[in-house]
Amino acid sequence: MIQAVRLRKHYGRTKAVDDLSFTVKPGRVTGFLGPNGAGKSTTMRMILGLDTPTGGDVTIDGKYYTELKQPLRKVGALLDAKWVHPNRSARAHLKWMAVSNKIPASRVDEVLEIVGLTEVAHKKAGGFSLGMSQRLGIAGALLGDPEVLLFDEPVNGLDPEGILWIRQFMHRLADEGRTVFVSSHLLSEMAQTAQDLIVIGKGQLISQTTTEQFISDATQDHVRVRSPHAVKLREILAANATVTEDAVDGALVVHGIPAPQIGEIAAENQIVLHELSPQRGSLEEAFMQLTKESVEYHAH
Amino acid sequence: MTLLAVERIKLFSTRSPYWCTALALVLGVGLTAIITGTSEKGQMSIGLTQLGSSQLALAVVLVMSALAVTTEYRFNTIRATFLAVPGRTSALIAKTVVVAFIAGVLGEIIAFGSWGLAKVMSPTSDLAINTGAEWRHVAGVGLLYAVGAVLAIAVGILVRQTAGAVAILLVWNMLLEGLIGIIPKVGIKIQAWLPFQNANHFLALGGGNAADQPGAGIDFKLSQWGSLAYFAGIAVALLVVALVVAKRRDA
């Protein structure tokens, strides 16, 4: 379990992380969601003892990361796939990590096999594609067979095949009972990967809930209606709902009355309908709605 | 011991230490070969055999040692290191020990290599190592390199950038300390307390041609071994500062 209590990180007057409290439950995939610059990476670096919090603290099973004796056996992390010396081979990179935490050398070959890098194990990491680097980073995270895994934007810049691989991989890790904490700025990605969500913006907690709950709370249902008698229908519906007009094709967009009921109302009033379709708000829209107050830089 | 093994693997799984070692050997021994080849028959001295090792190759060793740290910052492997070994001080001390040891061994190889080559090229010269001063002059090069490596690593940790660290070390060692001697009257008094001047003083042979040797004309207050201890003291003090900074700083 990862627990952050009133975590703060200030750089001068910039509050990268501000009074952030959350819990990452064991045995689940928890998504760490927020727009770019929301403080996700900073928070992860503080969890791992790389950055010192300005205030508050964050612990892993009640201990600071820096207190762990052989941290790689407890926590595996992939913060940046490029944290490898370009002239060092994949195997040598994993070898020194293994030796540092007294992990048997045979485990190096095991994790190379798991991520599918056995063939290129002796090649220089500097020549790896982003996808291969990412795999090497994951091999490093898995090296100590840790119960807790942290990934910072693991699918960023990957091709669809790589994204699918990582997504399936995380499910596998959670199925094995590990705690997976993964950050992303894409809600659609998290919706397919994470069971729980911690959403932050401008360094502050926006919401901590299950993914399902978050999506149903955040996305509003509405119904699209097209009719030759749109004006009349609009008058009737407006009594009990919010009705707007789709700017593109002039269809009515009804909030507040479910589709079957709209159909019945139309029948009672002998109004012909050409379309009656329930819509679900897009995840990205909902996310933008939630975090728009806390986006650091706006495009105008 | 574990951490020493880690740093050894890290160092020898990249190419720069091999290149720097080769370059130090070629420059150090090469300069001796040129001096021996151009000197009058039978006129080669022990002091001349070590100009390459104690001046030229030393600079390369300083660069190699600084690189051992700055490349870790350059490629962010320092963060991977601190993730694997959250006790930053012990990780950095292990690195210092490994690099200083390698520098020391390299120093002995270059020093005795230069001396051996001069002996072969100029068999009629008196190059026998008889006195304590002569032994110190040749075998002391390894000690000098080891201490220099500690100093360079400290600078590397503090500066974190290769270009900055290398510039500081080279200007400091090759220019700054020498130029201070130009200041009238007080210059040589200040020089007596500068680290690399004391390093030169440690190696100084004294005797007949003392005026030709590096560090000549400076009024040193310390004994020759005292100078080495002083040089080492400064290197260790700088390393302690660097370790404290590295511990407090965000990685």
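**Exercise 1.** Work out how the span of helix 8 of chain B relates to the span expected at 1.5 Å a residue, and where the helix has a kink.

*Solution.* Begin with the extent: helix 8 of chain B covers residues 162-180, which makes 19 residues, where helices (H or I, at least four residues) and strands (E, at least two) are DSSP runs numbered from the N terminus. From its first C-alpha to its last the helix reaches 25 Å, close to the 27 Å expected at 1.5 Å a residue, the expected span being 1.5 Å times one less than the number of residues. Next comes the axis, which has a kink of about 50° centred on Trp172(B); the bend at a residue is the angle between axes fitted to the seven residues ending there and the seven starting there.

This is a predicted model, in which local features need pLDDT of at least 70 and side-chain atom pairs count only at pLDDT 80 or more, while totals for chains, interfaces and linings use all residues. Residues are numbered from 1 along each chain as its sequence is written, and chains are lettered from A and ligands numbered from 1 in the order in which they are written.

**Exercise 2.** Identify the buried residues of helix 8 of chain B and the helices they pack against.

*Solution.* The buried residues are Ala165(B), Val166(B), Leu169(B), Asn173(B) and Glu177(B); a residue is buried if 20 or more other C-beta atoms, placed from the backbone, lie within 10 Å of its own. These residues pack against helix 4 (51-74), helix 7 (132-159), helix 9 (186-191) and helix 10 (195-203) of chain B, with contact meaning C-beta atoms within 7 Å.

**Exercise 3.** State what share of chain A is buried and how many helices and strands the chain has.

*Solution.* Of the 300 residues of chain A, 41% count as buried, and its secondary structure comes to 10 helices and 13 strands.

Methods
Buried ≥ 20, exposed ≤ 12 C-beta atoms within 10 Å, placed from the backbone. Contact = placed C-beta atoms within 7 Å.
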